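I opened my notebook to look up a few things about how this protein is put together.

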Amino acid sequence: MGFSMQPYGIQSMLKEGHKHMSGLDEAVLKNIDACKQLSTITRTSLGPNGMNKMVINHLDKLFVTNDAATIVNELEVQHPAAKLLVLAGKAQQEEIGDGANLTISFAGEILQGAEELIRMGLHPSEIISGYTKAINKTIEVLEELVEEGSENMDVRNTEEVIYRMKAAVASKQFGQEEILCPLIADACIQVCPKNPANFNVDNVRVAKLLGGGLHNSTIVRGMVLKSDAVGSIKNMEKAKVAVFAGGVDTSATETKGTVLIHNAEQLENYAKTEEAKVEGLIKAVAESGAEVIVSGAAVGEMALHFCERYKLMVLKISSKFELRRFCRTTGAVAMLKLCQPNPDDLGYVDSVSVEEIGGARVTIVRNEGGGNSVSTVVLRGSTDSILDDLERAVDDGVNTYKAMCRDSRIVPGAAATEIELARRLKEFSFKETGLDQYAIAKFAESFEMVPKTLAENAGLNAMEIISSLYAEHASGKTKVGIDLENGVCADISTMNVWDLYVTKFFALKYAADAACTVLRVDQIIMAKPAGGPRRDQQPGGGMDED
(Lines give C-alpha, C1' and ligand atoms only; values in the text may rest on other atoms or scores of the structure.)
Protein backbone atom coordinates (compact mmCIF):
# COMPACT_ATOMS: atom_id res chain seq x y z
CA MET A 1 0.00 0.00 0.00
CA GLY A 2 1.49 3.33 -1.08
CA PHE A 3 1.88 5.14 2.23
CA SER A 4 -0.13 8.36 2.15
CA MET A 5 -1.45 10.34 5.03
CA GLN A 6 -4.10 8.28 6.74
CA PRO A 7 -7.44 10.09 6.92
CA TYR A 8 -8.56 10.73 10.46
CA GLY A 9 -11.64 12.01 12.23
CA ILE A 10 -14.76 12.36 10.17
CA GLN A 11 -12.61 12.07 7.05
CA SER A 12 -11.93 8.44 7.75
CA MET A 13 -15.64 7.76 7.52
CA LEU A 14 -16.51 9.51 4.27
CA LYS A 15 -14.93 8.91 0.91
CA GLU A 16 -12.30 11.30 -0.28
CA GLY A 17 -13.10 14.52 -2.03
CA HIS A 18 -15.93 15.51 0.25
CA LYS A 19 -16.07 18.78 2.10
CA HIS A 20 -16.92 19.14 5.71
CA MET A 21 -17.48 22.30 7.69
CA SER A 22 -18.66 22.43 11.23
CA GLY A 23 -18.98 24.71 14.17
CA LEU A 24 -19.93 28.36 14.41
CA ASP A 25 -17.17 29.97 12.43
CA GLU A 26 -17.06 27.55 9.57
CA ALA A 27 -20.64 26.54 9.02
CA VAL A 28 -23.00 29.05 10.59
CA LEU A 29 -21.18 32.24 9.74
CA LYS A 30 -20.33 31.10 6.24
CA ASN A 31 -23.96 30.24 5.63
CA ILE A 32 -25.06 33.59 6.93
CA ASP A 33 -22.50 35.24 4.70
CA ALA A 34 -23.84 33.51 1.60
CA CYS A 35 -27.38 34.57 2.49
CA LYS A 36 -26.24 38.14 3.03
CA GLN A 37 -24.66 38.16 -0.41
CA LEU A 38 -27.93 37.03 -1.94
CA SER A 39 -30.01 39.56 -0.09
CA THR A 40 -27.68 42.41 -1.12
CA ILE A 41 -28.50 41.51 -4.69
CA THR A 42 -32.25 41.61 -4.19
CA ARG A 43 -32.51 44.45 -1.73
CA THR A 44 -31.39 47.19 -4.12
CA SER A 45 -34.32 46.17 -6.29
CA LEU A 46 -36.84 46.59 -3.49
CA GLY A 47 -39.67 49.02 -3.90
CA PRO A 48 -40.69 51.45 -6.61
CA ASN A 49 -37.29 53.07 -7.11
CA GLY A 50 -35.59 49.69 -7.08
CA MET A 51 -32.68 49.35 -9.46
CA ASN A 52 -32.80 46.87 -12.30
CA LYS A 53 -30.51 43.90 -12.56
CA MET A 54 -29.16 42.54 -15.78
CA VAL A 55 -29.02 38.77 -15.59
CA ILE A 56 -27.74 36.66 -18.46
CA ASN A 57 -28.69 33.06 -17.89
CA HIS A 58 -26.97 29.92 -19.13
CA LEU A 59 -28.91 30.07 -22.41
CA ASP A 60 -27.59 33.59 -23.07
CA LYS A 61 -31.04 35.05 -22.59
CA LEU A 62 -30.96 38.56 -21.22
CA PHE A 63 -33.19 39.65 -18.36
CA VAL A 64 -33.41 43.27 -17.35
CA THR A 65 -35.68 43.37 -14.36
CA ASN A 66 -36.12 44.25 -10.73
CA ASP A 67 -38.42 41.33 -10.07
CA ALA A 68 -36.60 39.37 -7.37
CA ALA A 69 -38.33 36.10 -8.20
CA THR A 70 -37.05 36.27 -11.77
CA ILE A 71 -33.57 37.34 -10.68
CA VAL A 72 -32.99 34.53 -8.20
CA ASN A 73 -34.52 31.94 -10.52
CA GLU A 74 -32.14 32.88 -13.30
CA LEU A 75 -29.10 33.17 -11.02
CA GLU A 76 -29.16 29.43 -10.31
CA VAL A 77 -27.88 29.86 -6.78
CA GLN A 78 -25.53 27.03 -5.82
CA HIS A 79 -24.84 27.62 -2.15
CA PRO A 80 -27.04 25.34 -0.05
CA ALA A 81 -27.89 27.96 2.57
CA ALA A 82 -28.63 30.71 0.08
CA LYS A 83 -30.82 28.17 -1.71
CA LEU A 84 -33.05 28.10 1.34
CA LEU A 85 -33.75 31.80 0.88
CA VAL A 86 -34.41 31.28 -2.81
CA LEU A 87 -36.91 28.59 -1.91
CA ALA A 88 -38.61 30.91 0.55
CA GLY A 89 -38.86 33.49 -2.22
CA LYS A 90 -40.31 30.86 -4.54
CA ALA A 91 -42.84 29.82 -1.94
CA GLN A 92 -43.93 33.43 -1.65
CA GLN A 93 -44.18 33.67 -5.44
CA GLU A 94 -46.35 30.54 -5.55
CA GLU A 95 -48.54 31.61 -2.67
CA ILE A 96 -49.11 35.29 -3.48
CA GLY A 97 -47.19 36.11 -6.64
CA ASP A 98 -45.64 39.23 -5.21
CA GLY A 99 -43.35 40.07 -2.32
CA ALA A 100 -40.57 37.60 -3.08
CA ASN A 101 -38.12 40.46 -2.78
CA LEU A 102 -39.29 41.37 0.71
CA THR A 103 -38.98 37.71 1.72
CA ILE A 104 -35.39 37.31 0.57
CA SER A 105 -34.15 40.73 1.66
CA PHE A 106 -35.75 40.48 5.08
CA ALA A 107 -34.39 36.97 5.66
CA GLY A 108 -30.91 38.23 4.77
CA GLU A 109 -31.34 41.14 7.13
CA ILE A 110 -32.40 39.08 10.16
CA LEU A 111 -29.54 36.67 9.45
CA GLN A 112 -27.13 39.57 9.54
CA GLY A 113 -28.62 40.48 12.90
CA ALA A 114 -28.04 36.89 13.99
CA GLU A 115 -24.41 37.09 12.96
CA GLU A 116 -23.87 40.12 15.18
CA LEU A 117 -25.54 38.29 18.06
CA ILE A 118 -23.34 35.24 17.54
CA ARG A 119 -20.25 37.42 17.61
CA MET A 120 -21.57 38.86 20.88
CA GLY A 121 -21.65 35.33 22.23
CA LEU A 122 -25.26 34.20 21.90
CA HIS A 123 -25.89 30.64 20.88
CA PRO A 124 -27.88 30.07 17.67
CA SER A 125 -30.61 28.22 19.56
CA GLU A 126 -31.20 31.25 21.77
CA ILE A 127 -31.43 33.41 18.68
CA ILE A 128 -33.92 31.02 17.12
CA SER A 129 -36.17 31.03 20.17
CA GLY A 130 -36.04 34.82 20.23
CA TYR A 131 -36.82 35.07 16.53
CA THR A 132 -39.73 32.67 16.91
CA LYS A 133 -41.21 34.80 19.67
CA ALA A 134 -40.58 37.86 17.54
CA ILE A 135 -42.32 36.56 14.44
CA ASN A 136 -45.35 35.49 16.45
CA LYS A 137 -45.53 38.94 17.98
CA THR A 138 -45.07 40.51 14.54
CA ILE A 139 -48.05 38.63 13.18
CA GLU A 140 -50.13 39.76 16.17
CA VAL A 141 -49.19 43.39 15.57
CA LEU A 142 -49.72 43.04 11.83
CA GLU A 143 -53.34 42.06 12.50
CA GLU A 144 -53.84 45.25 14.47
CA LEU A 145 -52.48 47.40 11.66
CA VAL A 146 -55.10 46.25 9.18
CA GLU A 147 -57.10 49.18 7.83
CA GLU A 148 -60.61 49.13 9.27
CA GLY A 149 -63.36 48.12 6.88
CA SER A 150 -60.92 46.81 4.31
CA GLU A 151 -61.95 43.20 4.85
CA ASN A 152 -65.14 43.67 2.89
CA MET A 153 -64.38 44.82 -0.59
CA ASP A 154 -66.19 44.66 -3.89
CA VAL A 155 -63.75 42.84 -6.16
CA ARG A 156 -65.65 44.14 -9.17
CA ASN A 157 -65.14 47.79 -8.28
CA THR A 158 -62.20 49.02 -10.36
CA GLU A 159 -61.29 51.77 -7.93
CA GLU A 160 -61.03 49.49 -4.93
CA VAL A 161 -58.99 47.02 -6.95
CA ILE A 162 -56.52 49.65 -8.20
CA TYR A 163 -56.23 50.96 -4.66
CA ARG A 164 -54.86 47.61 -3.51
CA MET A 165 -52.88 46.74 -6.60
CA LYS A 166 -51.03 49.99 -7.01
CA ALA A 167 -48.15 49.22 -4.68
CA ALA A 168 -47.45 45.81 -6.20
CA VAL A 169 -47.38 47.18 -9.74
CA ALA A 170 -45.45 50.32 -8.82
CA SER A 171 -42.68 48.24 -7.32
CA LYS A 172 -42.08 46.76 -10.78
CA GLN A 173 -42.89 49.68 -13.08
CA PHE A 174 -42.64 52.91 -11.13
CA GLY A 175 -44.28 55.84 -12.85
CA GLN A 176 -46.29 53.59 -15.14
CA GLU A 177 -48.69 52.27 -12.52
CA GLU A 178 -51.30 54.93 -13.36
CA ILE A 179 -51.54 53.46 -16.86
CA LEU A 180 -51.02 49.81 -15.99
CA CYS A 181 -53.31 49.37 -12.97
CA PRO A 182 -56.59 50.28 -14.69
CA LEU A 183 -55.68 47.91 -17.54
CA ILE A 184 -54.91 45.02 -15.20
CA ALA A 185 -57.90 45.75 -12.98
CA ASP A 186 -60.27 45.77 -15.97
CA ALA A 187 -58.81 42.57 -17.34
CA CYS A 188 -59.20 40.83 -13.98
CA ILE A 189 -62.70 42.08 -13.31
CA GLN A 190 -63.89 40.89 -16.71
CA VAL A 191 -62.88 37.31 -16.07
CA CYS A 192 -63.80 37.25 -12.40
CA PRO A 193 -66.22 34.34 -11.85
CA LYS A 194 -69.41 34.46 -9.75
CA ASN A 195 -67.44 33.30 -6.75
CA PRO A 196 -64.26 35.43 -6.74
CA ALA A 197 -62.38 32.83 -4.73
CA ASN A 198 -62.29 30.74 -7.92
CA PHE A 199 -60.49 33.43 -9.91
CA ASN A 200 -58.09 31.77 -12.34
CA VAL A 201 -54.89 33.68 -13.04
CA ASP A 202 -54.54 31.86 -16.34
CA ASN A 203 -57.58 33.66 -17.74
CA VAL A 204 -55.75 36.95 -18.00
CA ARG A 205 -53.36 36.67 -20.89
CA VAL A 206 -50.61 38.99 -21.99
CA ALA A 207 -49.80 39.65 -25.63
CA LYS A 208 -46.49 41.43 -26.13
CA LEU A 209 -46.20 43.38 -29.37
CA LEU A 210 -43.11 45.36 -30.25
CA GLY A 211 -43.46 49.00 -31.18
CA GLY A 212 -45.47 51.87 -29.78
CA GLY A 213 -45.28 52.71 -26.12
CA LEU A 214 -47.07 51.76 -22.95
CA HIS A 215 -49.81 54.30 -23.64
CA ASN A 216 -50.73 52.33 -26.77
CA SER A 217 -51.48 49.29 -24.63
CA THR A 218 -55.08 48.14 -24.65
CA ILE A 219 -57.19 45.39 -23.28
CA VAL A 220 -59.20 42.95 -25.34
CA ARG A 221 -62.13 40.90 -24.08
CA GLY A 222 -61.11 37.71 -25.68
CA MET A 223 -57.87 36.49 -27.17
CA VAL A 224 -55.05 37.86 -29.27
CA LEU A 225 -53.39 35.27 -31.48
CA LYS A 226 -50.00 36.19 -32.83
CA SER A 227 -50.70 34.83 -36.28
CA ASP A 228 -52.57 35.64 -39.43
CA ALA A 229 -55.72 33.94 -40.67
CA VAL A 230 -54.91 31.17 -43.13
CA GLY A 231 -57.25 32.00 -45.99
CA SER A 232 -58.16 35.25 -47.66
CA ILE A 233 -61.12 35.96 -45.38
CA LYS A 234 -59.81 38.23 -42.66
CA ASN A 235 -62.77 39.13 -40.51
CA MET A 236 -66.12 37.85 -39.33
CA GLU A 237 -68.79 39.32 -37.09
CA LYS A 238 -71.05 37.38 -34.73
CA ALA A 239 -70.05 34.02 -36.10
CA LYS A 240 -70.29 30.43 -34.96
CA VAL A 241 -66.99 28.61 -34.63
CA ALA A 242 -66.01 25.01 -35.18
CA VAL A 243 -62.76 23.82 -33.62
CA PHE A 244 -60.91 20.81 -34.98
CA ALA A 245 -58.00 19.69 -32.84
CA GLY A 246 -56.65 17.27 -35.40
CA GLY A 247 -56.28 19.62 -38.32
CA VAL A 248 -58.26 20.24 -41.47
CA ASP A 249 -56.71 18.10 -44.13
CA THR A 250 -57.41 15.27 -46.51
CA SER A 251 -55.26 12.79 -44.64
CA ALA A 252 -57.58 13.35 -41.72
CA THR A 253 -60.27 11.74 -43.82
CA GLU A 254 -58.50 8.77 -45.39
CA THR A 255 -56.81 5.98 -43.64
CA LYS A 256 -53.41 5.43 -45.19
CA GLY A 257 -53.57 2.73 -47.79
CA THR A 258 -52.06 1.72 -51.13
CA VAL A 259 -54.17 2.20 -54.21
CA LEU A 260 -53.18 0.51 -57.43
CA ILE A 261 -54.10 2.59 -60.46
CA HIS A 262 -53.88 1.10 -63.93
CA ASN A 263 -54.81 3.91 -66.30
CA ALA A 264 -55.36 7.63 -66.55
CA GLU A 265 -59.12 7.40 -66.14
CA GLN A 266 -58.83 5.71 -62.79
CA LEU A 267 -56.36 8.36 -61.65
CA GLU A 268 -58.77 11.11 -62.62
CA ASN A 269 -61.66 9.39 -60.87
CA TYR A 270 -59.54 8.84 -57.78
CA ALA A 271 -58.62 12.51 -57.61
CA LYS A 272 -62.24 13.45 -58.17
CA THR A 273 -63.54 11.22 -55.41
CA GLU A 274 -60.95 12.63 -53.05
CA GLU A 275 -62.01 16.15 -53.98
CA ALA A 276 -65.67 15.28 -53.59
CA LYS A 277 -64.96 13.78 -50.20
CA VAL A 278 -63.15 16.89 -48.91
CA GLU A 279 -65.80 19.14 -50.38
CA GLY A 280 -68.50 17.06 -48.69
CA LEU A 281 -66.80 17.43 -45.31
CA ILE A 282 -66.27 21.20 -45.61
CA LYS A 283 -69.80 21.64 -46.89
CA ALA A 284 -71.13 19.73 -43.91
CA VAL A 285 -69.24 22.05 -41.57
CA ALA A 286 -70.60 25.10 -43.39
CA GLU A 287 -74.15 23.73 -43.26
CA SER A 288 -73.91 23.28 -39.50
CA GLY A 289 -73.90 27.08 -39.36
CA ALA A 290 -70.19 27.54 -38.59
CA GLU A 291 -68.51 30.44 -40.33
CA VAL A 292 -65.09 30.16 -38.70
CA ILE A 293 -62.97 27.03 -38.63
CA VAL A 294 -60.12 26.74 -36.16
CA SER A 295 -57.57 24.05 -36.81
CA GLY A 296 -55.13 22.68 -34.27
CA ALA A 297 -52.76 21.34 -36.90
CA ALA A 298 -52.02 21.72 -40.59
CA VAL A 299 -54.65 22.98 -43.01
CA GLY A 300 -54.49 21.16 -46.34
CA GLU A 301 -54.37 23.04 -49.64
CA MET A 302 -57.47 21.40 -50.98
CA ALA A 303 -59.43 21.80 -47.77
CA LEU A 304 -58.47 25.48 -47.74
CA HIS A 305 -59.71 25.88 -51.30
CA PHE A 306 -63.15 24.60 -50.34
CA CYS A 307 -63.20 26.67 -47.16
CA GLU A 308 -62.69 29.74 -49.34
CA ARG A 309 -65.45 28.62 -51.65
CA TYR A 310 -67.89 28.20 -48.79
CA LYS A 311 -66.79 31.54 -47.27
CA LEU A 312 -65.34 30.05 -44.13
CA MET A 313 -62.64 31.91 -42.22
CA VAL A 314 -59.77 29.63 -41.25
CA LEU A 315 -57.49 30.09 -38.21
CA LYS A 316 -54.64 27.89 -37.17
CA ILE A 317 -53.67 27.57 -33.50
CA SER A 318 -50.78 25.20 -33.09
CA SER A 319 -50.34 25.42 -29.32
CA LYS A 320 -52.48 22.97 -27.37
CA PHE A 321 -52.86 25.44 -24.48
CA GLU A 322 -53.88 28.28 -26.75
CA LEU A 323 -56.42 25.99 -28.37
CA ARG A 324 -57.81 25.11 -24.97
CA ARG A 325 -58.06 28.79 -24.06
CA PHE A 326 -59.70 29.52 -27.38
CA CYS A 327 -62.35 26.92 -26.56
CA ARG A 328 -62.79 28.55 -23.15
CA THR A 329 -63.21 31.97 -24.75
CA THR A 330 -65.74 30.87 -27.34
CA GLY A 331 -67.42 27.99 -25.54
CA ALA A 332 -66.61 25.59 -28.36
CA VAL A 333 -65.83 21.91 -28.03
CA ALA A 334 -62.71 20.75 -29.89
CA MET A 335 -63.44 17.86 -32.21
CA LEU A 336 -60.85 15.27 -32.99
CA LYS A 337 -61.55 14.66 -36.64
CA LEU A 338 -63.03 16.61 -39.48
CA CYS A 339 -66.74 15.85 -39.45
CA GLN A 340 -70.05 17.63 -39.23
CA PRO A 341 -70.18 19.27 -35.78
CA ASN A 342 -73.22 19.13 -33.51
CA PRO A 343 -74.84 22.50 -32.90
CA ASP A 344 -73.86 22.16 -29.21
CA ASP A 345 -70.20 21.76 -30.11
CA LEU A 346 -70.02 25.08 -31.90
CA GLY A 347 -68.62 28.12 -30.15
CA TYR A 348 -69.56 31.74 -30.71
CA VAL A 349 -67.49 34.89 -31.21
CA ASP A 350 -68.60 38.49 -31.45
CA SER A 351 -65.88 39.21 -33.94
CA VAL A 352 -62.72 37.74 -35.34
CA SER A 353 -60.49 40.08 -37.24
CA VAL A 354 -56.93 40.24 -38.44
CA GLU A 355 -55.36 43.55 -37.56
CA GLU A 356 -51.90 44.91 -38.03
CA ILE A 357 -50.31 46.16 -34.84
CA GLY A 358 -46.80 47.54 -35.07
CA GLY A 359 -45.95 45.60 -38.19
CA ALA A 360 -47.13 42.29 -36.79
CA ARG A 361 -50.34 40.72 -38.00
CA VAL A 362 -52.44 39.45 -35.17
CA THR A 363 -55.85 37.86 -35.03
CA ILE A 364 -58.09 39.37 -32.41
CA VAL A 365 -60.92 37.20 -31.15
CA ARG A 366 -63.44 39.24 -29.22
CA ASN A 367 -66.19 37.97 -27.00
CA GLU A 368 -67.83 40.88 -25.23
CA GLY A 369 -70.82 39.15 -23.70
CA GLY A 370 -69.19 36.04 -22.28
CA GLY A 371 -68.82 35.81 -18.51
CA ASN A 372 -65.55 34.52 -17.11
CA SER A 373 -63.86 33.67 -20.38
CA VAL A 374 -60.45 35.10 -21.20
CA SER A 375 -59.20 38.63 -21.42
CA THR A 376 -55.91 39.80 -22.87
CA VAL A 377 -53.74 42.75 -22.02
CA VAL A 378 -51.99 43.90 -25.18
CA LEU A 379 -48.69 45.42 -24.10
CA ARG A 380 -46.68 47.68 -26.38
CA GLY A 381 -43.09 48.67 -25.83
CA SER A 382 -39.91 49.45 -27.66
CA THR A 383 -37.72 46.47 -26.75
CA ASP A 384 -38.20 42.87 -25.78
CA SER A 385 -36.78 43.32 -22.32
CA ILE A 386 -39.12 46.22 -21.60
CA LEU A 387 -42.03 44.07 -22.71
CA ASP A 388 -40.86 41.17 -20.55
CA ASP A 389 -40.65 43.45 -17.56
CA LEU A 390 -44.08 44.91 -18.24
CA GLU A 391 -45.41 41.39 -18.42
CA ARG A 392 -43.96 40.68 -14.96
CA ALA A 393 -45.69 43.77 -13.63
CA VAL A 394 -48.97 42.54 -15.09
CA ASP A 395 -48.40 39.09 -13.58
CA ASP A 396 -47.82 40.66 -10.18
CA GLY A 397 -50.98 42.72 -10.55
CA VAL A 398 -53.07 39.72 -11.54
CA ASN A 399 -51.65 37.63 -8.70
CA THR A 400 -52.38 40.43 -6.26
CA TYR A 401 -55.94 40.46 -7.57
CA LYS A 402 -56.20 36.77 -6.91
CA ALA A 403 -54.84 37.28 -3.39
CA MET A 404 -57.29 40.09 -2.69
CA CYS A 405 -60.16 37.89 -3.85
CA ARG A 406 -59.23 35.52 -1.05
CA ASP A 407 -58.37 38.12 1.58
CA SER A 408 -58.81 41.80 0.87
CA ARG A 409 -57.42 43.20 4.10
CA ILE A 410 -54.81 45.91 3.63
CA VAL A 411 -52.06 47.45 5.75
CA PRO A 412 -50.34 50.80 5.22
CA GLY A 413 -47.60 50.69 2.56
CA ALA A 414 -44.52 52.83 1.92
CA ALA A 415 -42.69 51.32 4.93
CA ALA A 416 -45.31 52.62 7.40
CA THR A 417 -46.15 49.08 8.49
CA GLU A 418 -42.49 48.11 8.89
CA ILE A 419 -41.61 51.09 11.08
CA GLU A 420 -44.64 50.44 13.26
CA LEU A 421 -43.66 46.76 13.58
CA ALA A 422 -40.12 47.77 14.48
CA ARG A 423 -41.36 50.18 17.14
CA ARG A 424 -43.83 47.74 18.69
CA LEU A 425 -41.33 44.87 18.69
CA LYS A 426 -38.68 47.00 20.38
CA GLU A 427 -41.14 47.75 23.16
CA PHE A 428 -41.95 44.06 23.38
CA SER A 429 -38.25 43.16 23.69
CA PHE A 430 -37.87 45.40 26.76
CA LYS A 431 -40.54 43.39 28.53
CA GLU A 432 -38.79 40.08 27.86
CA THR A 433 -36.21 38.77 30.27
CA GLY A 434 -33.38 36.47 29.40
CA LEU A 435 -31.26 36.39 26.30
CA ASP A 436 -34.27 36.33 24.00
CA GLN A 437 -34.59 40.05 24.33
CA TYR A 438 -31.43 40.69 22.30
CA ALA A 439 -32.69 38.53 19.49
CA ILE A 440 -36.11 40.22 19.54
CA ALA A 441 -34.50 43.64 19.48
CA LYS A 442 -32.36 42.62 16.51
CA PHE A 443 -35.45 41.27 14.76
CA ALA A 444 -37.17 44.58 15.37
CA GLU A 445 -34.21 46.49 13.99
CA SER A 446 -34.27 44.38 10.86
CA PHE A 447 -37.57 45.96 9.86
CA GLU A 448 -35.69 49.20 9.38
CA MET A 449 -34.18 47.60 6.30
CA VAL A 450 -37.37 48.34 4.36
CA PRO A 451 -37.62 52.11 4.94
CA LYS A 452 -33.83 52.35 4.70
CA THR A 453 -33.75 50.58 1.37
CA LEU A 454 -36.74 52.49 -0.01
CA ALA A 455 -35.09 55.75 0.97
CA GLU A 456 -31.66 54.77 -0.37
CA ASN A 457 -33.05 53.55 -3.68
CA ALA A 458 -34.77 56.89 -4.08
CA GLY A 459 -31.57 58.73 -3.25
CA LEU A 460 -32.79 60.12 0.07
CA ASN A 461 -30.97 60.30 3.37
CA ALA A 462 -32.02 57.08 5.05
CA MET A 463 -31.05 58.03 8.60
CA GLU A 464 -33.03 61.27 8.58
CA ILE A 465 -36.06 59.54 7.11
CA ILE A 466 -36.00 56.69 9.62
CA SER A 467 -35.64 58.93 12.65
CA SER A 468 -38.46 61.21 11.50
CA LEU A 469 -40.61 58.13 10.82
CA TYR A 470 -39.98 56.89 14.34
CA ALA A 471 -40.83 60.32 15.73
CA GLU A 472 -44.14 60.44 13.85
CA HIS A 473 -45.06 56.89 14.86
CA ALA A 474 -44.17 57.47 18.49
CA SER A 475 -46.70 60.29 18.57
CA GLY A 476 -49.36 57.81 17.47
CA LYS A 477 -49.50 58.49 13.73
CA THR A 478 -49.21 54.89 12.64
CA LYS A 479 -49.92 55.56 8.99
CA VAL A 480 -46.94 57.75 8.24
CA GLY A 481 -44.69 56.35 5.52
CA ILE A 482 -42.17 57.66 3.02
CA ASP A 483 -43.44 59.83 0.22
CA LEU A 484 -40.74 58.83 -2.24
CA GLU A 485 -41.49 61.46 -4.86
CA ASN A 486 -41.10 64.43 -2.57
CA GLY A 487 -38.58 62.78 -0.28
CA VAL A 488 -40.50 63.43 2.93
CA CYS A 489 -42.57 61.47 5.41
CA ALA A 490 -46.29 61.66 4.79
CA ASP A 491 -49.51 59.99 5.83
CA ILE A 492 -49.90 57.19 3.29
CA SER A 493 -53.69 57.22 3.46
CA THR A 494 -53.50 60.51 1.54
CA MET A 495 -51.13 58.97 -1.01
CA ASN A 496 -53.12 55.74 -1.25
CA VAL A 497 -50.22 53.37 -0.89
CA TRP A 498 -51.51 50.13 0.59
CA ASP A 499 -50.05 46.67 0.75
CA LEU A 500 -52.08 43.51 0.98
CA TYR A 501 -52.06 41.99 4.44
CA VAL A 502 -51.54 38.44 3.10
CA THR A 503 -48.50 39.49 1.07
CA LYS A 504 -46.80 40.90 4.17
CA PHE A 505 -47.97 38.04 6.35
CA PHE A 506 -46.47 35.31 4.20
CA ALA A 507 -43.35 37.28 3.24
CA LEU A 508 -42.37 37.86 6.86
CA LYS A 509 -43.35 34.36 7.92
CA TYR A 510 -41.38 32.64 5.15
CA ALA A 511 -38.41 34.94 5.77
CA ALA A 512 -38.33 34.09 9.48
CA ASP A 513 -38.73 30.38 8.76
CA ALA A 514 -35.91 30.39 6.22
CA ALA A 515 -33.61 32.35 8.52
CA CYS A 516 -34.25 30.01 11.44
CA THR A 517 -33.60 27.03 9.19
CA VAL A 518 -30.24 28.47 8.20
CA LEU A 519 -29.36 29.13 11.85
CA ARG A 520 -30.23 25.56 12.83
CA VAL A 521 -27.48 24.19 10.62
CA ASP A 522 -24.18 23.68 12.35
CA GLN A 523 -22.50 21.20 10.06
CA ILE A 524 -22.33 20.98 6.30
CA ILE A 525 -21.11 17.74 4.88
CA MET A 526 -20.82 17.64 1.13
CA ALA A 527 -20.25 14.01 0.41
CA LYS A 528 -19.57 14.55 -3.26
CA PRO A 529 -16.55 16.34 -4.60
CA ALA A 530 -17.51 19.60 -6.26
CA GLY A 531 -18.11 19.29 -9.98
CA GLY A 532 -19.24 15.66 -10.12
CA PRO A 533 -17.12 12.52 -10.20
CA ARG A 534 -13.88 12.74 -12.13
CA ARG A 535 -13.25 10.32 -14.98
CA ASP A 536 -10.25 8.68 -13.34
CA GLN A 537 -12.10 8.11 -10.08
CA GLN A 538 -13.78 4.77 -10.03
CA PRO A 539 -17.11 5.01 -8.23
CA GLY A 540 -16.79 3.54 -4.78
CA GLY A 541 -13.02 4.03 -4.64
CA GLY A 542 -12.22 5.57 -1.29
CA MET A 543 -9.30 3.99 0.51
CA ASP A 544 -6.84 2.46 -1.93
CA GLU A 545 -6.84 -1.26 -1.31
CA ASP A 546 -3.67 -3.10 -2.22
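**Entry 1: H12 and H13.** I began with how helix H12 (residues 416-431) and helix H13 (residues 436-446) lie against each other; this is a predicted model, and in it their axes are 8 Å apart at an angle of about 170 degrees. Angles over 145 degrees count as roughly antiparallel, so H12 and H13 are roughly antiparallel to each other. Next I listed who meets whom: H12 brings Ala422, Leu425, Lys426, Phe428 and Ser429, while H13 brings Gln437, Ile440, Ala441, Phe443, Ala444 and Glu445. Sorted by class, the contact of H12 with H13 has 7 nonpolar, 2 polar and 2 charged residues.

**Entry 2: the domains.** I then stepped back to the whole chain. Which stretches make up each domain? I noted domain 1 as 10-148 + 412-446 + 497-526, domain 2 as 152-221 + 372-408, and domain 3 as 236-356. I also looked up the spacing of domain 1 and domain 3, and found 56 Å between their centres, taken over C-alpha atoms.

**Entry 3: H6 and H11.** At what angle do the axes of H6 and H11 cross? For helix H6 (residues 158-170) and helix H11 (residues 384-406) I wrote down roughly 135 degrees, with the axes coming within 9 Å. H6 and H11 are therefore oblique to each other, and their crossing is right-handed. On the H6 side I found Val161, Arg164, Met165, Ala168 and Val169 making the contact, and on the H11 side Ala393, Asp396, Gly397, Thr400, Tyr401 and Met404. These residues divide into 7 nonpolar, 2 polar and 2 charged.

**Entry 4: H7 and H11.** I stayed with H11 and turned to helix H7 (residues 177-190), whose axis comes within 10 Å of that of H11 and crosses it at roughly 50 degrees. This pair, H7 and H11, is therefore oblique as well, and the crossing is right-handed. From H7 I noted Leu180, Ile184, Cys188 and Ile189; from H11, Leu390, Ala393, Val394, Gly397, Val398 and Tyr401. I sorted the contact of H7 with H11 too: 9 nonpolar, 1 polar and no charged residues.

**Entry 5: Glu147.** Last, I picked out a single residue. Where is Glu147 found? I located Glu147 in the loop between helix H5 (124-144) and H6. Leaving out residues up to four places away in sequence, Glu147 touches Ile410, Lys479 and Trp498. With Lys479, I saw that the side chains of the two residues make a polar contact, at 3.2 Å.

Definitions and conventions. Residues are numbered from 1 along each chain as its sequence is written. This is a predicted model: local features need pLDDT of at least 70, side-chain atom pairs count only at pLDDT 80 or more; totals for chains, interfaces and linings use all residues. Side-chain values use heavy atoms; hydrogens and water are left out. Domain bounds come from an automatic or database domain assignment. Axes are lines fitted to C-alpha atoms, for helices over the stretch in contact, and angles run from 0 to 180 degrees between N-to-C directions. Helices (H or I, at least four residues) and strands (E, at least two) are DSSP runs, numbered from the N terminus. Angles under 35 degrees count as roughly parallel, over 145 as roughly antiparallel, 65 to 115 as roughly perpendicular and the rest as oblique. A crossing is left-handed if the near helix is turned anticlockwise from the far one by less than a right angle, and right-handed if clockwise. Contact means heavy atoms within 4.5 Å. Ala, Val, Leu, Ile, Met, Phe, Trp, Tyr, Cys and Pro count as nonpolar, Asp, Glu, Lys and Arg as charged, and the others, Gly among them, as polar. A polar contact is a pair of N or O atoms within 3.5 Å; within protein, one must be able to donate a hydrogen and the other to accept it, and residues adjacent in sequence count only if both atoms are side-chain atoms.
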